[in-house]
Amino acid sequence: MKRSRVNEIMAEAEEMILEFGFRLPPFAWWSPAEFRARLPQAQRVVDAQMGWDITDYGQGDFDALGLFLFTLRNGDLRDLQAGHGMAYAEKLLISRKDQISPMHTHVIKAEDIINRGGALLAVELYGSDAQGAFDETAGGVVMCDGVPRRFAPGEVLNLRPGESVTLRPGDWHAFWGEGGDVLIGEVSTVNDDRTDNIFRDPIGRFSQIEEDAEPRHLLVSDYDRFLS
């Protein structure tokens, strides 16, 4: 993706987030220079991979296959393993009309995916085989706002604003905005996007950025390069 396009997506996301009355934390607005200057106090933001995250999954067509994310908070895997402490994470996502977030699952992370506003949130579901791999013949059971719901393989849940689904490791899922753009909340256990996204198809999690403009704000995938 070109950096200029990343900057455009950020600006569009800011408008939509404000439209729904949501406010991002202060570190969202730091310029790259401010981030570098604040790094001694903000190392936790970097270590937890909190912040802006825009991906086309390395496929070069963000409008068709892509996702906007902002990681608001993220805990520590050691706390999750110990069974106490900061074992949770929270994100804000935007899925544009018919923009696919591709079929994937997680090994560690369980998550609530919540329609925070806008259009319908379509979530396509499959179950796993005995080894946890994608199984096109497998259905399963998920919780929708605390109520169990059995799904057939490939069934699509259409979540209205305010509705949610709980997905556990082994619940394979893809999602998109159905009929329009949708603001999505994600509340989960500790999240590591570098290692805990298992895609059905051989694609990448982060985009390769072509630097044709200065960054508006740093992406989480920029931290190693810009802040080291």
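Trainee: Why does Arg194 count as exposed?

Mentor: This is a predicted model, and in it the relative accessibility of Arg194 is 51%. Exposed means over 50%, so Arg194 counts as exposed.

Trainee: How do you know that Arg194 forms a salt bridge with Asp192?

Mentor: The closest N and O atoms of Arg194 and Asp192 are 3.3 Å apart. The cut-off for a salt bridge is within 4 Å, so the pair Arg194 and Asp192 forms one.

Trainee: Why is Asp192 called partly exposed?

Mentor: Its relative accessible area is 27%. Buried would require under 20% and exposed over 50%; Asp192 therefore falls in between. Asp192 also belongs to the lining of the largest pocket, where Asn74, Leu77, Val190, Asn191 and Asp192 lie nearest the centre.

Trainee: How many residues line the largest pocket, and of which class are they?

Mentor: The lining has 17 residues. By class, 4 are nonpolar, 5 polar and 8 charged. The volume of this pocket is about 260 Å³. Helix H2 (32-47) and helix H3 each supply at least two residues of its lining.

Trainee: What makes Leu77 partly exposed?

Mentor: Leu77, which is placed in helix H3 (residues 77-82), has a relative accessible area of 35%. That value lies between the limits of 20% and 50%, so Leu77 is partly exposed. Together with Val107, Ile108 and Ile198, Leu77 makes a nonpolar surface patch of about 310 Å².

Trainee: Why is Arg3 called buried?

Mentor: The relative accessible area of Arg3 is 0%. Buried means under 20%, so Arg3 is buried. Its salt-bridge partner is Glu211, with the closest N and O atoms 2.7 Å apart. Arg3 lies in helix H1 (residues 3-19) and Glu211 in the loop between strand S12 (198-199) and helix H4 (223-227), 208 residues apart. Glu211 is partly exposed, at 37% relative accessibility. Arg3 and Glu211 are linked with Asp222 and Arg225 in a network of salt bridges.

Trainee: What makes Arg205 and Asp53 a salt bridge?

Mentor: Their closest N and O atoms are 2.4 Å apart, and a salt bridge needs a distance within 4 Å; therefore the pair Arg205 and Asp53 qualifies. Arg205 is in the loop between S12 and H4, and Asp53 in strand S1 (residues 51-55), so the pair ties together parts 152 residues apart in sequence.

Trainee: How do you know that Arg205 counts as buried?

Mentor: Arg205 has 10% relative accessibility, which is under 20%, so Arg205 counts as buried. Asp53, at 2%, also counts as buried.

Methods:
Residues numbered from 1 in each chain as written. Predicted model: local features only at pLDDT ≥ 70, side-chain atom pairs only at ≥ 80, totals over all residues. Heavy atoms only, no water. Patch = residues over 30% accessible without salt bridge, like charges linked within 9 Å, V, L, I, M, F, W, Y side chains within 5 Å. Areas by Shrake-Rupley, 256 points an atom, 1.4 Å probe, with all protein chains shown as cover. Salt bridge = Lys/Arg side-chain N within 4 Å of Asp/Glu carboxyl O. Helix = DSSP H or I, 4+ residues; strand = E, 2+ residues; numbered from the N terminus. Buried < 20%, exposed > 50% of the residue type's maximum accessible area, 1.4 Å probe, protein only. 1 Å grid on protein atoms, 1.4 Å probe; cavity = no way out; pocket = protein on both sides within 12 Å on 5 of 7 lines; lining within 4 Å. Points joined across faces, edges and corners; volume = space filled by probe spheres on them. Nonpolar A, V, L, I, M, F, W, Y, C, P; charged D, E, K, R; others polar.
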